[in-house]
Amino acid sequence: MKKFWFAIALLSLNFNSRAQDDIPVDNSLSDNDNSKVEKIFPTIQIFNLPTTTLLPKGEMKLYLAHRMGVMGTGLDGLFGLYQANSRFGADLGLNRFLNIGIGSTSQQKLYDGYLKTRIIKQSNKFPLEISAFTSIAISALKPNYPEDKQATWQQVFYTNELLFSRAFSNRFSGQLAFAHVHKNMVATAKDKNDIISFGGALNLKTGRMIYLAAEYMYLPANQVVSTEAQQHIVSLGVQIHTGPRHVFQIFLSNAVGIVPGTVLTETQQKFTPKNLRICFNIPTTFNIFK
């Protein structure tokens with residue numbers, strides 16, 4: 001555990017030495033009637049879930065997400081460091097209004113892809129930024145039922161989110177999210193194929209290179225009954241500016257999933273200290289076309 005925190009400290013020092021400017025978030029409005037907020041959040045996701053923000057046209061982000069085991073394992077599990085769930089993904093800004101992405105997650109051997117589009121920007125004429133997110137994911141694990149009943153389509157699920165965000169000041173932004181998950185096959189007849197949830201996120205700039213951030217989603221009861229799916233999905237942490245386009249994220253969460261569909265419907269640990277996981281997201285961003 002000490003080695004882990006020592007490594008994080010070294011990373012932070014390295015990030016501080018490389019960061020020469022403020023986090024490139026322009027959420028101010030001028031007196032111009034056509035003035036728009038260019039970027040409400042510093043990243044395209046808070047921690048686990050998407051924001052309204054898009055990558056600029058031609059910008060690609062390679063992204064490593066890592067979720068450790070629960071801290072309640074104690075010394076036997078080195079406070080969760082012996083367990084891990086990871087996702088490697090790539091995101092691309094196709095134009096000013098559309099992002100695409102693909103990724104692979106170790107848990108359940110998931111492969112996923114998504115589209116995110118901005119519907120409208122916050123401006124002097126409109127108080128909100130609105131984006132829509134949709135994704136498809138498939139598990140490569142074989143389901144636990146007879147061979148002759150297995151089919152690829154049964155392993156597919158879809159996630160749709162409608163996102164509303166607003167920059168309240170140069171330092172503070174907030175977001176509301178409404179999500180729908182459709183699973184082609186569920187564990188029992190009592191589980192619903194269509195699952196809804198809602199929540200939000202907050203982002204607060206506390207220094208030249210640091211943001212505090214939080215996300216929360218509420219899953220109404222009686223939708224997932226075959227497992228102890230939690231109604232409250234929470235993540236709290238910091239975002240560290242590491243360069244002109246790089247924001248390193250480290251946070252605590254009760255969700256083991258990484259793609260939105262599993263985060264929203266398969267979180268089984270309550271948000272208590274022993275159930276929290278140490279998590280981080282590491283991005284590498286660069287331009288590939290103009």
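**Exercise 1. Find which residues line the largest pocket and lie nearest its centre, and state how the lining divides by class.**

Solution. The lining of the largest pocket is made up of 23 residues, and Lys183, Met185, Val186, Ala187 and Glu266 are the ones that lie nearest its centre. A pocket here is found on a 1 Å grid over the protein atoms alone, as an open set of points with protein on both sides within 12 Å along at least five of seven lines, while a cavity is a set of points where a 1.4 Å probe fits but cannot get out, and lining residues have an atom within 4 Å of a point. The next step is the volume, which is about 620 Å³ for the largest pocket; a volume is the space filled by probe spheres set on the points, with grid points joined across faces, edges and corners. By class, the lining of the largest pocket holds ten nonpolar, nine polar and four charged residues, where Ala, Val, Leu, Ile, Met, Phe, Trp, Tyr, Cys and Pro count as nonpolar, Asp, Glu, Lys and Arg as charged, and the others, Gly among them, as polar.

The model is predicted, so local features need pLDDT of at least 70 and side-chain atom pairs count only at pLDDT 80 or more, whereas totals for chains, interfaces and linings use all residues. Residues are numbered from 1 along each chain as its sequence is written, and side-chain values use heavy atoms, with hydrogens and water left out.

**Exercise 2. Describe the largest cavity and the elements that line it.**

Solution. The structure holds three cavities of 30 Å³ or more, and about 260 Å³ of space lies in the largest cavity. Its lining has 21 residues, of which Arg87, Asp91, Tyr114, Phe133 and Pro260 are the closest to the centre. At least two residues of this lining come from each of strand S1 (59-70), S2, strand S4 (110-120), strand S5 (129-139), strand S6 (156-167) and helix H2 (260-265); helices (H or I, at least four residues) and strands (E, at least two) are DSSP runs, numbered from the N terminus. Sorted by class, the lining of the largest cavity divides into eleven nonpolar, five polar and five charged residues.

**Exercise 3. Decide whether strand S10 is largely enclosed, and name its neighbours.**

Solution. Nine of the twelve residues of strand S10 (residues 232-243) are buried, so S10 is largely enclosed by the rest of the structure; buried means under 20% relative accessible area, exposed over 50%, and partly exposed in between (1.4 Å probe, protein chains only). On one pairing, nine bridges join S10 to strand S9 (residues 210-218), and the two run antiparallel, with tyrosine 211 opposite glutamine 239 in S10. On another, S10 pairs over eight bridges with strand S11 (residues 246-253) in the antiparallel sense, and the bridge partner of glycine 243 is histidine 246 in S11.

**Exercise 4. Which loops hold lysine 109 and asparagine 222, and what is the phi of each residue?**

Solution. Lysine 109 lies in the loop between S3 and S4, and has a positive phi of about 50° although it is not a glycine. Asparagine 222 lies in the loop between S9 and S10, and has a positive phi of about 65°, again without being a glycine. Most residues other than glycine have a negative phi.

Note on methods:
Two strands pair if DSSP finds at least two bridges between them.
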